[in-house]
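Keep the structure open beside you and try each task before you read on.

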Amino acid sequence: SSGINAEYGNPTTSIEQIDHLGLRLMRLIYGHSPDVPLSKLRHQLYLKQCASGSVKPERLPPTEGAALQHARRVFTQLNEGVLLDTEETSLHGWIWVDNTGYTPVYSLDPMAPDVLESFISCQCVKGNC
């Protein structure tokens, strides 16, 4: 835990280390080994919920892409003052939007697998959604 605090509190920590620590923490938060891939953990917990007859998506871990972006936002927020005082400002997990400021990037994962998107349709005339 103190190693994680030291890494997250160090503004020179690499993006790879931020990602690694963030995924490790997310797996630990959901009570599993830090070595189990998050996608596998998500699937295991989903199957467990299905078997119980009650699926609650809000109780599932985030996707890996969402967890990575969360870890980057946390790192940036913890180190914001130091990062903004450097010439090489690197706000991981944030994007600049139309000169209005930074906004969070919530996930790099698609909203749904491509195969599901072919089944989902709003049934409206193209372009009039």
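**Exercise 1. Find which residues threonine 13 touches, not counting residues up to four places away in sequence.**

Step 1: Locate the residue. Threonine 13 lies in the loop between α1 (2–8) and α2. Helices here are DSSP runs of H or I with at least four residues, strands are runs of E with at least two, and both are numbered from the N terminus.

Step 2: List the partners. Threonine 13 touches Glu7, Ile18 and Phe75, where contact means heavy atoms within 4.5 Å.

Step 3: Classify it. Threonine 13 counts as buried because its relative accessibility is 9%. Buried means under 20% relative accessible area, exposed means over 50%, and partly exposed is in between (1.4 Å probe, protein chains only).

A word on the model: it is predicted, so local features need pLDDT of at least 70 and side-chain atom pairs count only at pLDDT 80 or more, while totals for chains, interfaces and linings use all residues. Residues are numbered from 1 along each chain as its sequence is written, and side-chain values use heavy atoms, with hydrogens and water left out.

**Exercise 2. Describe the whole chain: how many helices and strands does it have?**

Step 1: Count the elements. There are 5 helices and 2 strands.

Step 2: Along the sequence the pattern reads α-α-α-α-β-β-α.

Step 3: Look at burial and surface. The chain has 129 residues, and 26% of them count as buried. Its accessible surface is about 9,100 Å², with 55% belonging to carbon and sulfur atoms; such areas come from the Shrake-Rupley method with a 1.4 Å probe, and for residues only the protein chains shown count as cover.

Step 4: Look at contacts along the chain. Taking contacts between residues at least 6 apart in sequence, 44% join residues at least 24 apart.

**Exercise 3. Find the salt bridge: which side chains meet in it?**

Step 1: Recall the idea. Side chains of opposite charge can pair when their charged atoms come close. The rule asks for a side-chain nitrogen of Lys or Arg within 4 Å of a carboxyl oxygen of Asp or Glu.

Step 2: Count. By this rule there is 1 salt bridge.

Step 3: Name the pair. Aspartate 19 and arginine 72 meet through their side chains, at 2.6 Å from N to O. This pair links distant parts of the chain, with aspartate 19 in helix α2 and arginine 72 in helix α4, 53 residues apart.

Step 4: Check burial. Aspartate 19 and arginine 72 are both buried. For aspartate 19, the relative accessibility is 14%, so it counts as buried.

**Exercise 4. Find the largest nonpolar core: which residues make it up?**

Step 1: Define it. A nonpolar core is a set of buried Ala, Val, Leu, Ile, Met, Phe, Trp, Tyr and Cys residues joined through side-chain atoms within 4.5 Å.

Step 2: List the members. The largest has 8 residues: Leu23, Met26, Leu38, Leu41, Leu45, Leu60, Ala67 and Leu68. At least two residues of this core come from each of α2, α3 and α4 (64–84). The largest share, 3 residues, is supplied by α3. Apart from this core lies another of 5 residues, including Tyr8, Ile18, Leu21 and Phe75.

Step 3: Examine one member. Leucine 41 is in helix α3 (residues 38–52). Leucine 41 counts as buried because its relative accessibility is 0%. Leaving aside neighbours within four places in sequence, leucine 41 is in contact with Arg27, Tyr30, His32, Val36 and Pro61.
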